[in-house]
Each structure stands twice: as C-alpha cells, then as structure tokens.
Amino acid sequence: MSAVLAAFLDDYSAALRRHVAAPGQTGLSEGYDLGRRALVEGISLLDLTEHHFRTVAELAGSEAYSRGAEVALEFLLQTMAALDIATRGYLDGTKRYEQQRSRAEDLAGRDAFRTALVESLQDGFFVADEHGTIVEVNSAFGVLTGYGPEEVPFALPHPWALDDRKGYPQIGTEASRFVMPVCHRDGRERWLAVSASSLVKQENNERIFVGTVRDVTAEHDAQARDQAASRLATAVGAATSMVEVLAVGLDELRRTMGARTALVAVWPSRTGRPDLYSCGESPSPAQAPPEPEFVSANSRFVATPVQQPSSRGEAPVVLDEQTNELLDRARRQSARGLSAITGDEGGVDAVVAPLGETGDAALWVRFGAPRAVSAADWALYSLLVGHLSVALQRARNFDQARATSLTLQRAMLGPIELPPRFSVHYEPALPPLEIGGDWYDVVPLRDGTIGVVVGDCVGRGLSAAVVMGQLRTAARALLLRGAGPAQLLAELDAVAARIPGAMCTTVCAAVLDPERGVVRYSNAGHMPPILAAPGGPGRILEGGRAVPLATFDTPRRPEATTALPAGSSLVLFTDGLVEQRGYDIEEGFVKIADVLSETGGALPRDVADAVLSRLCPPAGYDDDVAMVVYRQPPEPLHVDIPAAAVELTGLRRTLYRWFATAAVPHDLAADLVAAANEACSNSVEHAYRDTEPGRVVLTATCEGDRVVIEVTDTGRWVPTPTDPGYRGRGVEMMRVLTEDLEFTHDEKGTRVRMWVTLPSITFPTANPLRASTRPPGMSSLSSS
C-alpha cells in the first residue's frame, strides 16, 4: 500500500468515526471533500469501499453505533458523490466525442465530394475573401492563369493582373459577370469571362466571393479582328487618293497592331529609291520625333531617303540598305503574303508584306520589342493588310481616273502658257473626277491685246464639261479671227443654239489693251467683272449686259469700254465664287472688291488666293469656280536718293514693292533687285570718289512684257580693272542676273540700263495629288 493511499484511508477512518459519533452537516461536508481528494489523488473506488466496511465493522460493537449503519452509509454516499459526478461527466464527454467524430467523418466525406466536383469542372473555380484575396482555386484555374491551387492565397494585386488595364475589375472583387484581360504565367495575354456571386458565411458573417472563369480569348480576338477591320475600312472608305489612304490607313493599322512604326515604300518607276510614307516613330532610332505622327519630307506627304529636312521641320525618313533590300524583296512576293522578321533573342521584331497587285509597294511594320505572335494575331494582321491593300488599289484607280479627267479638263480649260501678269484658277464642285462646266480662256492677239473669256454652262460634271469644251473652242477661234467682245457673244449664240445642253450658258468676254490701259467687254448674263485701282475702292463693271446664250433673239449684243488705271487689278469669275446658301450675292461682290483694294501690291496669284480664302464657305464651294485675275502695269518708278550706302536699304524695299505691283515673280524680282543694288552701289562707291557726293537716280518701267531699270548718276566713269581681284565682279553679276545690260557714260555722268522679259506663266500639268490633298477653298488647278 502506498503512503498516499494509507494517509487517505487513515483520514477517512477518522472522519467517519467523528461523523458517526456526532452526525451533522460538518461531517458530510468533510466526506464530500474526501471524495474530491480521492479524484485528485487517484484513490481506487474499491479501496475506498473496502476500507469503509472494515471501519463500520469495528464500530458495530460500540455504544455510539446505535444508528451507525444508516449514518455511515450517508457518509459513504456523500464521499462518492464527487466520484459519481466525475464519472457521469466522463461518460457525457465520451458520447459527445463520438458524436463529433461521426459528424467529422460525415463532413470529410462531403468535403471530398465537393473537392472532386470542383476539380471536375472545365471552368476555373475560385473563392475569394472580402478583401479580394483568392483563397481557393481548382486545377482548371491554374491552367487558365498559370497559377494553381498549390500557390494560394493570391492577394491583391493578383499576379496575373495587367498594369496597363486599370479600368477592368479584378477577380474576386465584384459580384457580377464581366470579361477581363489577364497575363498568363508564360507571358501570353488571355481574356477570361468571370461569373462571380457574393455569399455570407453563417458562422462568422464573413462576406466571400465564389465564381468561375472561362477562356474567351478566341471569341475576343475574333471580335477584335472584325472591329479592327471595320475601323480600318471606315477610315480609308472616304479616301480617294493614295496619299489620303496612307495618311489615315497606315496610322490606324499601326495602332491596331500595337506597333511603333509603320512604313510603306512605293517605287514610282520600279527602279531606284522608293518614296516612303511613314507614321509613328522614325525608322531610325536616332531620328525619332518627340511625338508619333505622320512623317513626311515634302508637301505631298512623301518622304524620300535623302538627308534633308522635311517641309514641316521634321527629320527625314531614312532607311538603311538592309531595310531597303528587305522591302524590295517583299514587294516581289505573292499578293497578301506576310513575312516575319525575328529579333536577335527570338520573337517577331517586324512584319513585311507586299501591297497591291502591281509589285511596286511594300509594307514594313516594326514593333517596340520582339513579341510572340499567335495564329489569331497573324489572322488579324493578314486581314488588316488586305484591307489596306484593297483601299490602296482603289485609290490608285481613282488617281488614274482623276489624272485622265484633269488632263481632259486641262486640254479644254485654257492655255498651257499664260501671258505675264495673269493668274487663273479652276475649282470643280464634283470630286473625285475634278471636272465641271465652268471655263476660262486667255488668248494673246496679234495687235498686242489680250482676249479673256470666262463662261459657265448649265449643269455639272462630265456632260457640262463636254458642252464647255465646244463653246470654249468656238470662242477661242472667234477671238483669233479678230472678233470683239460683242461680236464674239453674238456669234456664240448661233453656236450654242446647235449644241445640246448649251442653252442658258453665261459668258463674259473682254479684250484687254495693256498699252492703252483700256478694257472692252460684253456680258451674256454672267457675273460682272470687278476692277480696283491700287489702294482705291473696287467697283463692279455693270456695262455691256445682256441675256445668256441661246435664250432670246438679240439683234445686237452690247459692249462697254473702261479704263484700266495703272497697277489696277481686274477679276473675272463664275457664279460659284459668290453664290452661297444663306448669303446675299452682293456680299460676295463687296468682299471681292475689298480684297482687290487691299492687295494692290501683291502678285496676281496672291490676289487669287486672297479672294478664295475670303469667300470660301466652311464646307467648301458647292458649285464650280473659274476665275481670272489680271494686273495692269503700274506707273513707272522714279527714285532719286543721295549717293550714300545707307540709302540703299530703302531703295531695295521700294523696288520689291514695285515689282510685286508689276506682277514680277519673286525669284526674278530678287535677281533684279540684286542687279539694281549693284549698279547703285557702284555709283555710290566710285562715281563721286574724291569729290562732293552727288545723287543716284533709279527708274523702273514696264514696256510691254519687259521690265526696264535705269540707274544714272552725275559722277565720273571708272572703267573696270583688268584684274578686279576679289572684288569688282559687280558688272559680271549684273550681266548674269539680267537679260541685257548697257552702259552709257560721258562728262555729264553714267547711265546703266538693264532689262528682262517677263516669262510666260506655265500652267501645271494634271496632278491628282494636288486636288486630293487640298483643304476647303484651296485650288485644284491654278497658276499665276
């Protein structure tokens, strides 16, 4: 027997004897405490019971045991009460454990079933907490994103999120249906359709998101291809020239492909260097412009591979020989065949393809960095290149048709060469063929006069152009035969009566006499000419008016004569210039008169541009416009200045202004100013050497088509030295800059006489690019 058991049994015997001797609540409490002690010290119930009955047997013979059996049993039961409570608690706990184990086994079975069900889904499955952290995914989710169940949780920002797609919601942050882009672990971009629901857990009221994801990359790419092709087709749909197609289509293709540079090379002659059309960054990294935009090297939006700045201040487009050879090979490939150019470290760095069906154009698209190109990407690229190629071919057909129509219109409109001091303009209202029924003609006559005819046939387009060609030919023949303005219109009446569609044609005919300074004119229902002297108010020439051609029998056409003041501007035009919806036609006359008054010191072509700019409607002209501007020679210029170098600056400025009034082209005016300045400089430097400075007199006159300049002084003549050294080349320079040069000198002084003949104004040949790229109000055919 252990000491602990022996001590407990002794204490129990003593407590039992005391309780039997004096039963009461104190003894029972002591027995209950002994029972709790037995639980703590691990006393066996059998040892306690056996010892109890032995102690009772010893007390049975004493006098105090009259009620001992009942009292002793009460004490034993109180002692065992704590043991009973502990036993029942153990049994209850065991039962609860069994119940919990059974429930756990049942839950484990259900979790296994749920896991198997979730793993069997073809769609990706996820569970996210209220903070957007993904806490559970299935294997399909890992296949779609590259991040599987073994790596959960995935906190925000999720590893598959794209930094440049901030506008899209993230998985597990919204309860809705949406489509979002993700970056797969292998670097490919995919599109996932997300369907998520919001739930609340019963045990802790926590909000969670449960949903599925599905790969819709193929559907998205197909839709993107359709939209990209539609955008490109829409962008180039209204373009009617190769320049317009490339200006809008090339940039749309670059942005859709996500490329850094898109470039088209066109070989005009199938040999030599191509013309380059580029958008985006410069193909040469060292010459990349600060902002990607349509890069060009001249006003035709054509960049040629030469080291010269463009017309807009941009760096020229220059390709190395390797890229040139690459494009040259690409244009010879089969139509719509795309080729990939791989980078040094793998991936596609650029794409090249032929354009059109004629083998003279190729496309080169360079990405910012080598990229992986999928089959869907190739399908998109092929579709875009196909649309651009078709649009380019259609534009070329338009260009050919326009060139043909412009050549025809040019042949019917007027002379290839105009006399000096004229400017003409033609603006058709029906693009893209650029032909109409308005016309002008300028005919130099044998007696030095100049015939001018401006007419407007009824209708527009090709039918009106056919009528216009016949009437213009007849009018030119009548002028060359010597008919005056009234006689010309009278005989045109008979011609128009025999041409279908010529009835009601309006015509204004005039004969200018620059030498005498007069104009004779007659008007058959046409817009009246407008005349303005330099700095003076413009006025409408209302004389010589009658009905249009082939309308009524007119016994005689009227004719009027008006003086042409020196330096005055005369404009003849058709009604398309002044007739606009919502505006009084008189307002147009006033505007033209104001422009003529303000531009008396400008070249005729600048006057024409100013008139067009002032009268052009916001949406452009809605009717054909034909216009002729004439400048009458100004009064002779006479300048008398002291023989001092400081006076030459003002002299040059005065000469420039007079030359503009005399309609001397800018380049020729610069030569004449340089020659006159040299003659005056010689007078200043040599004529009055070692004497009192005198004066220098310069005169400039218009003698027919010649401009004559004379410089005189009263000093002495200094002959040119045999060896002039590094200076003394002025006479040679004056001979080069003028048509002829004469020197006259005597004791009264020196006279230098020089002159040039004003050149005829060559009308530009048919140019389809000029008409197609002009803004509203700019000319399609013009010259000065």
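The largest cavity has a volume of about 60 Å³. A cavity here is a set of points on a 1 Å grid over the protein atoms alone where a 1.4 Å probe fits but cannot get out. Grid points are joined across faces, edges and corners, and a volume is the space filled by probe spheres set on the points. The model is predicted: local features need pLDDT of at least 70, side-chain atom pairs count only at pLDDT 80 or more, and totals for chains, interfaces and linings use all residues. Residues are numbered from 1 along each chain as its sequence is written, and side-chain values use heavy atoms, with hydrogens and water left out.

A search of the whole structure finds 2 cavities of 30 Å³ or more. Lining residues have an atom within 4 Å of a point. For the largest cavity they include Leu577, Tyr583, Asp584, Lys591 and Leu615. Helix 12 (residues 585-598) gives the most to this lining, with 3 residues. Helices (H or I, at least four residues) and strands (E, at least two) are DSSP runs, numbered from the N terminus. By class, the lining of the largest cavity has 4 nonpolar, 2 polar and 3 charged residues. Ala, Val, Leu, Ile, Met, Phe, Trp, Tyr, Cys and Pro count as nonpolar, Asp, Glu, Lys and Arg as charged, and the others, Gly among them, as polar.

Now to the largest pocket. A pocket is an open set with protein on both sides within 12 Å along at least five of seven lines. The volume of the largest pocket is about 980 Å³. Its lining counts 30 residues, and Arg165, Glu189, Trp191, Asp221 and Asp377 lie nearest its centre. Strand 4 (189-200), helix 6 (217-237), helix 7 (242-257) and helix 9 (375-413) each give two or more residues to this lining. Helix 6 gives the most, with 9 residues. The pocket lining divides into 13 charged, 9 nonpolar and 8 polar residues.

Helix 6 has 21 residues and reaches 29 Å from first C-alpha to last, close to the 30 Å expected at 1.5 Å a residue. That expected span is 1.5 Å times one less than the number of residues. An α-helix has 3.6 residues a turn, so residues three or four places apart point the same way.
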